[in-house]
Amino acid sequence: MTIRKVKYYLYLKDVITLSVTAFGGPQAFLAMVLDIMVKKRRYITEEELWELHALCQVLPGPTSTQTISAIGYRVGGPNLAYLSLLVWILPATIIMTAAAILVDFLQTQTKGSLNFAKFIQPMAIGFIIYAAQKTIGKMVKTTEAMVLMLLSAFVAFFYNSPYIFPFMLVAGGITTSLKFNKQPKIEEKSGIKIQWANFLLWGGVLIMAATLGHFTKILPIRLFENFYRNGSLIFGGGQVLVPYLYTEFVEFKAYLTSEEFLTGYAISQGVPGPTFSISSYIGALSMRSAGLGTGGAIIGGLVSAAGIFLPGTFLIFFVIRFWDELKKYRPVRAALEGINAVSCGMLIAAAYLLFEPMPANFFNIAAIAFTYFLLQFTKIPSPLIIIGGIVVGLGYQLVIHNFLG
């Protein structure tokens, strides 16, 4: 791949502009990249943008982050790619870590109550249902994919272990790869030349983190390993990350309550930049057991961000060099259908698992339905919906405190 040279500060200035203004999810992000980096700056062509984005979509990890890093690599090499990664994730990481500290503080002040988040917790379910609908519409196109999606949702309902997810993804990929004959043939393959450095870096960091975490039991190291592993397995974007993180940190390890998780997910929908930034919120709250106060929360937020974002970056730098040849193999393209279908099934399970501990009263159901309605049938930006829910929740908390408490 040809590496062009641009002035670092110009590219990084554009990246930070995206990081603080890219509200509205992947679609809004792509539109802004097209406007700023293609039409305005002409770092790459529109065709190159779609090519890079398509590659990032078929790799595990955060697609928007990988796209930014891949463009940085294309126009400035590895150094600019890593700098752009840092600039892109830092604002959202800071915001979500601060949100975790604030949520913990407010709970302390209200004796563990999350009444201030009463409205945005069911709203988070509405966001997940909306994301599931959009994701399934794009990824599930065949009967086989539908069956795989439903089977994976069923398994995720009853086996809430984070360790079963990788096996489900592999099984889904193998299942659809067997029907590779349905994939169109592509021009003659000329052989794949693989440079293994970034793959070895990805695997080496994973093994080292797992080993250190197992023997030292140091919580920040274990958090880094947990998020690094999840970041190595997620296909389909931030919404698919939800069932992985909920199962591991709420159901399996109980670092967070379901209410805290839902509050964080809702807040993340109103934050610009990468949707994977919810990892910083979870990591910050997970550090409470270490007894390090605000400093521990900051450490947890930073190591969790590093863990979730680094594997996808290593993998895009590894695959980008030989993807053009690899995608010519029909079993590879066929396997993507199964992987995506399983990811959709996990997303369905996430909506159910998050709703299950919530009281099934009229208020919660109405809040979920109203949020979905606003997302589906209006053009109100997600941040405004979340801000509205937070304002109403704080008002509710004030009434409870002043008149009923």
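Q: Hi! Before I look at the helices, what makes a crossing left-handed or right-handed?
A: A crossing is left-handed if the near helix is turned anticlockwise from the far one by less than a right angle, and right-handed if clockwise. Helices here are DSSP runs of H or I with at least four residues, strands are E runs of at least two, and both are numbered from the N terminus.

Q: Thanks! And what kind of model is this?
A: This is a predicted model, where local features need pLDDT of at least 70 and side-chain atom pairs count only at pLDDT 80 or more, while totals for chains, interfaces and linings use all residues. Residues are numbered from 1 along each chain as its sequence is written, and side-chain values use heavy atoms, with hydrogens and water left out.

Q: How many helices and strands are there?
A: The protein has 17 helices and zero strands.

Q: So which way do α9 and α13 cross?
A: Their crossing is right-handed. Helix α9 (residues 219-231) packs against helix α13 (residues 293-319) at an angle of about 30°, with the axes 7 Å apart. Axes are lines fitted to C-alpha atoms over the stretch in contact, and angles run from 0 to 180 degrees between N-to-C directions.

Q: Which residues make that contact?
A: On α9 they include L223, F224 and F227, and on α13 they include V303, L310 and F314. Contact means heavy atoms within 4.5 Å.

Q: New topic: how much of the protein is buried?
A: Of its 405 residues, 52% count as buried.

Q: And why is helix α11 described as largely enclosed?
A: Because 10 of the 11 residues of α11 (residues 258-268) are buried, the rest of the structure largely encloses this helix. Among the buried ones are F261, L262 and Y265.

Q: Last one: which residues touch the most others in the largest nonpolar core?
A: Y11, M37, Y281 and I282 do, out of 98 residues in that core. A nonpolar core is a set of buried Ala, Val, Leu, Ile, Met, Phe, Trp, Tyr and Cys residues joined through side-chain atoms within 4.5 Å. Helix α4 (residues 63-109) gives the largest share of this core, 15 residues. There is also a second, separate core of seven residues, including V140 and L148.

Notes. Buried means under 20% relative accessible area, exposed over 50%, partly exposed in between (1.4 Å probe, protein chains only).
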